[in-house]
Amino acid sequence: SRVKGTAFHPKRPWILASLHNGSIQLWDYRMGTLLDRFEEHEGPVRGISFHPTQELFVSGGDDYKVKVWNYRTRRCIFTLQGHLDYVRTVYFHPEQPWIISASDDQTIRIWNWQSRQCIAVLTGHNHYVMCAQFHPTDDLVVSACLDQTVRVWDISGLRRKSAAGAQPMMGDPLSSQRLNTQGDFFNVTDVVVKFVLEGHTRGVNWATFHPTMPLILSCGDDRQVKIWRMNESRAWEVDTCRGHYNNVNSALFHPKRELILSDSEDKTIRVWDTTRRTLLQTFRRDQDRFWCMNAHPELNLFAAGHDNGLIVFKLERERPASAIHQNSLLYVKDSQVRLHDFTSANDAPMVSIRTAPAGQYLPPPRTMSFNPAEKAVLLTSDAEGGSYELYNLPRQVNGQVSDSAQARRGAGSCAIWTGRNRFAVLDKAAQQILIKDLTNQTTKTIKPPVTVEAIFNAPGSQILLSTATSVVLFDVQTRQ
């Protein structure tokens with residue numbers, strides 16, 4: 001069940017997984033349920049992609065075939081044949097009726113899926129082409145190859161030719177290949193190499209464009225992730241992210257943040273700062289090597305395929321830490337605790353919270369607990385394995401922001417108020433609940449009667465203990 005490719009549906013909560021065993025699976029990632037299987041390829045399926053608007057997806061595999069499927073009728077509509085070796089990746093063009101495929105036959109092919117014909121063969125690489133993708137908005141293609149190069153191709157001639165209604169390439173693949181590299185009868189080449197990027201010292205496994213900026217990301221068997229910048233006339237290497245200790249199989253730019261994600265056969269997914277090129281986070285699996293990764297076209301979701309399946313994950317949640325008291329909402333935004341008054345619609349900053357030092361990543365607070373009597377908030381986050389911070393809010397809302405230096409901090413996965421002058425902190429590793437006072441001193445230590453995952457507020461001196469299978473009402477004073 002090794003997953004070699006993944007693709008998010010642009011609208012529905014679906015993900016396609018192409019498997020090394022020859023199967024294509026369609027999953028509902030919210031429910032974690034298998035919806036369908038598509039099994040017509042002979043051998044591993046490596047490339048998979050949904051059409052941005054139609055009820056179609058495309059797949060490519062080790063049987064040299066590119067197949068176009070209708071997921072509503074649940075069948076393969078047609079097969080595109082012409083590649084002479086394994087097909088590595090397949091993608092739909094965002095606007096044109098085109099599919100791009102990269103193959104071990106050292107070529108990239110562009111197909112018109114409406115006429116079901118090959119309209120261009122891109123030759124020039126001299127080893128397996130591991131990946132080829134269209135630019136999201138420009139007439140460009142980027143490809144990665146085991147010949148240690150990344151190539152950028154200009155396909156504006158192909159767009160002009162298709163707009164003029166020219167006939168697609170027909171006939172045998174080799175003659176059409178020759179025709180395309182040397183230019184057609186009018187000596188106009190449909191696709192030309194714009195840049196050849198050299199810098200990797202081993203084969204390149206992946207290359208992709210930035211969604212909005214003139215940047216390219218590549219990674220390979222030299223264990224490096226490289227950032228390249230391009231303009232109209234040239235492209236050059238900007239920097240390298242080093243840290244993986246095995247082949248890096250895919251990498252991508254975060255669509256909305258200044259982050260890079262990469263995954264590798266060293267069983268890790270790594271998150272890098274795009275501007276500083278520093279490693280921010282590492283996620284490890286015990287047994288499974290990672291093979292592929294992609295981002296949802298619209299939502300804050302990512303998927304990565306590994307030796308035993310796939311994971312769908314977020315880097316951080318969209319919902320901010322918040323608490324409601326009477327007619328007011330307290331919430332965290334832009335490293336501040338802010339107060340929103342529902343009646344007057346007034347919104348003002350209250351206190352600055354801790355920010356990450358330069359070159360480091362600090363996850364945003366996950367939960368907030370408010371003490372109206374003392375005008376104090378407890379924020380918990382996943383930083384440093386689980387930590388909390390206690391902030392005193394100003395008594396008057398006057399737009400003046402208090403400094404975060406006054407905060408008291410400690411370790412713990414959950415922190416909630418249990419009274420006017422005391423709060424409870426869950427130490428999940430030691431399975432202890434610590435009762436602390438306003439000076440952050442521990443006044444009582446309680447061993448809960450069950451294995452606790454999280455704690456929540458309850459009336460009086462009670463708290464709710466959340467376990468893996470149940471919720472227990474627990475009295476802190478009587479310890480029952």
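A nonpolar core is a set of buried Ala, Val, Leu, Ile, Met, Phe, Trp, Tyr and Cys residues joined through side-chain atoms within 4.5 Å. This structure is a predicted model. Its largest nonpolar core has 26 residues, and I216 and V225 touch the most other members. Strands supply this core: strand 14 (140–145), strand 15 (149–154), strand 16 (192–198), strand 17 (204–209), strand 18 (215–220), strand 19 (224–230) and strand 21 (248–253) each give two or more residues.

Take V225. Leaving aside residues up to four places away in sequence, V225 touches L217, S218, C219, D239, T240, C241, H244, V248, A251, I260 and S262. Another core lies apart from the largest one.

Now turn to the rings. The whole structure holds twelve aromatic pairs. One of them joins W14 and Y71 edge-to-face, at 5.3 Å centre to centre with 85° between the planes. Buried means under 20% relative accessible area. W14 has 14%, so W14 is buried. Y71 has 10%, so Y71 is buried too.

F38 and F57 also pair edge-to-face, at 5.0 Å and 70°. F38 is in strand 4 (residues 33–38) and F57 in strand 6 (residues 56–61), 19 residues apart. F38 is buried at 3%, and F57 is buried at 0%. Ring pairs link W14, F38, F50, F57, W69 and Y71 into a cluster.

Charges meet rings as well. The charged end of K4 sits over the ring of W291, 3.7 Å from its centre. The charged end of R234 sits over the W236 ring, 4.1 Å from its centre.

How values were computed: Residues numbered from 1 in each chain as written. Predicted model: local features only at pLDDT ≥ 70, side-chain atom pairs only at ≥ 80, totals over all residues. Heavy atoms only, no water. Buried < 20%, exposed > 50% of the residue type's maximum accessible area, 1.4 Å probe, protein only. Helix = DSSP H or I, 4+ residues; strand = E, 2+ residues; numbered from the N terminus. Contact = heavy atoms within 4.5 Å. Phe/Tyr/Trp six-rings, centres within 6.5 Å; stacked < 30°, edge-to-face > 60°. Lys NZ or Arg CZ within 6 Å of the ring centre and 35° of its normal.
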